[in-house]
Amino acid sequence: MVNALKQLDICINEAKSYPGLTVVPVYSEKQSDFHVPMLFGEALKNGSLKIQEQQQSNVPRLSVDYVGEGYALGIKGHLLIGGGQDRQLYHSCLVSKGRYDIPVQCVQHGRWNPGKNKDFTVCNDITSSGLRFNTQNQGQTWEKIRTYETLTNTNSGSESFTCTRTITMGSSVEQNSLLQQNNVKMNDKMLGVRERAQEMLSHLKTPKEQQIGFFAIQIDPFTWVKNKEVHLNYLLEIAGNAELWNSLHQKAIESVIYDSAVCEMDKNAHIEMNDERKAEIAEFVAMLTVEDWNECDFIGQESRFALESKKYFGEAIYLDEEDEMPIHLLCSSLKVS
């Protein structure tokens with residue numbers, strides 16, 4: 001992995017900046033040569049994957065049955081809609097045919113009715129960067145969702161991240177459906193958040209040719225909201241090759257756009273890409289190759305590694321060789337929530 005990560009090319013001259021967010025494409029000549037797995041959302045839609053509440057319903061665990069060919073890939077932060085309450089996938093994983101026990105977190109605090117519905121029906125979206133680029137307990141996740149509801153003025157009644165995310169990032173049809181389901185009325189604050197998000201998405205939703213990920217510099221929304229202080233987050237997400245990244249790109253980009261869009265900032269509050277910032281990016285990438293990555297418990301067929309650092313969060317999964325580019329990697333300066 002270390003040798004592969006040394007070959008990442010974070011292309012500063014292609015950076016795009018918006019109030020509170022700068023996004024830089026990442027490339028690499030060293031790309032993994034594997035058959036691209038089907039994403040959980042695709043497999044759920046075509047019936048080859050089933051996600052259900054466990055027989056003895058358990059908030060932090062779900063059951064996954066995969067009957068398809070090859071592999072299905074779940075991404076940390078995948079938004080699982082249905083069951084007794086909506087969840088997010090807590091770790092990335094790669095499953096082949098069989099049954100699995102997967103760790104999740106609740107993203108809908110006010111609903112719990114596993115006896116009525118065991119099945120999860122949708123897994124297309126990814127939660128926010130604030131919910132997936134670090135390690136945090138359930139209480140911290142609920143606290144962040146409550147903050148999102150305040151910032152977007154979308155009190156759903158069940159503290160549903162699905163509602164706030166869809167109103168901001170979803171299509172007009174999805175937005176109107178969620179407003180009706182949750183008895184929420186559109187207001188100026190919601191419109192402002194949505195307009196900021198959709199403007200950024202219109203510029204960033206299409207990946208570059210041979211792109212395998214992005215590097216983002218983000219004004220931390222929670223610090224900004226609390227005391228109007230600027231604290232920068234550094235976020236890196238990559239896939240093993242450009243074909244897989246093409247499948248992930250839009251939803252992954254939406255996860256960082258969401259956190260920036262919820263904060264109303266001056267239109268001139270761009271993160272300047274000066275020499276100091278460039279040096280910090282170089283230091284961040286160099287850190288990936290010198291810090292220890294320890295092997296962790298796996299869920300499916302993947303090998304999973306976590307970055308052992310007091311300062312940074314990192315998680316990477318592989319199928320075969322560690323020297324290859326990871327199938328999926330998340331890394332950030334958000335070690336402590």
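In strand S10, which residue is the bridge partner of leucine 73? In this predicted model, the partner is leucine 94. In general, the strands of a sheet pair through backbone hydrogen bonds, in either the parallel or the antiparallel sense. S7 and S10 take part in an open sheet of three strands, arranged in the order S4-S7-S10 with mixed pairing. Strand S4 (38-39) and strand S10 (93-95) form the edges of this sheet; each has a single partner strand, and therefore one side of each is left without a neighbour in the sheet.

Further strand pairing involves strand S5. Strand S5 (residues 49-53) pairs with strand S6 (residues 61-66) in the antiparallel sense, over five bridges. Within this pairing, glutamate 53 has leucine 62 of S6 as its bridge partner. S5 also pairs with strand S12 (residues 119-122), again in the antiparallel sense and over two bridges. Here glutamine 52 stands opposite aspartate 119 of S12. The C-alpha atoms of valine 24 and aspartate 119 are separated by 38 Å, and the two residues lie 95 residues apart along the chain. Valine 24 has a relative accessibility of 0% and therefore counts as buried.

Among the helices, H4 was examined from end to end. Helix H4 (residues 138-152) contains 15 residues and reaches 21 Å from its first C-alpha to its last, close to the 21 Å expected at 1.5 Å a residue. Its buried residues are Gln138, Thr141, Lys144, Ile145, Tyr148, Glu149, Leu151 and Thr152. Viewed down the axis of H4, these buried residues fall within an arc of 165 degrees, so they line one face of the helix. At the N-terminal end, H4 is capped by asparagine 137, a side-chain oxygen of which lies 3.1 Å from the backbone nitrogen of glycine 139. After the helix comes asparagine 153, whose phi is positive, near 55 degrees.

Positive phi values also occur in two loops. Glutamine 210, a residue other than glycine, has a phi near 70 degrees. Glutamine 210 is placed in the loop between helix H7 (188-204) and strand S13 (211-219), and its relative accessibility of 45% makes it partly exposed. Lysine 228, likewise not a glycine, has a positive phi of about 60 degrees. The loop that holds lysine 228 runs between helix H8 (221-227) and S14. With a relative accessible area of 53%, lysine 228 is exposed, because exposed means over 50%.

Aromatic rings were considered next. A pair of aromatic rings is described by the distance of the centres and the angle of the planes. The structure holds 10 aromatic pairs. In one of them, the rings of tyrosine 234 and phenylalanine 284 have centres 6.4 Å apart and planes at 35 degrees, so the pair is tilted. This pair links distant parts of the chain, since tyrosine 234 is in strand S14 (residues 232-239) and phenylalanine 284 is in helix H10 (residues 275-290), 50 residues apart. Tyrosine 234 is buried at 11% relative accessibility, and phenylalanine 284 is buried with a relative accessible area of 2%.

A further pair is formed by phenylalanine 305 and tyrosine 318, whose ring centres lie 5.7 Å apart with planes at 90 degrees, so the pair is edge-to-face. Phenylalanine 305 lies in strand S16 (residues 303-308) and tyrosine 318 in strand S17 (residues 313-318), so that this pair links parts of the chain 13 residues apart. Phenylalanine 305 counts as buried at 5% relative accessibility, and tyrosine 318 counts as buried at 2%.

Aromatic residues also gather in a group: Tyr148, Phe161, Phe222 and Tyr258 form one aromatic cluster. Tyr148 is also among the buried residues of H4. Finally, a charged residue is placed over a ring, as lysine 76 lies over the face of tyrosine 90, at 4.5 Å from the ring centre.

Technical notes:
Residues numbered from 1 in each chain as written. Predicted model: local features only at pLDDT ≥ 70, side-chain atom pairs only at ≥ 80, totals over all residues. Heavy atoms only, no water. Pairing = 2+ DSSP bridges. Helix = DSSP H or I, 4+ residues; strand = E, 2+ residues; numbered from the N terminus. Expected span 1.5 Å × (residues − 1). Buried < 20%, exposed > 50% of the residue type's maximum accessible area, 1.4 Å probe, protein only. Arc of directions from axis to C-beta. Polar contact = N/O pair within 3.5 Å; in protein donor to acceptor, adjacent residues only side chain to side chain. Phe/Tyr/Trp six-rings, centres within 6.5 Å; stacked < 30°, edge-to-face > 60°. Lys NZ or Arg CZ within 6 Å of the ring centre and 35° of its normal.
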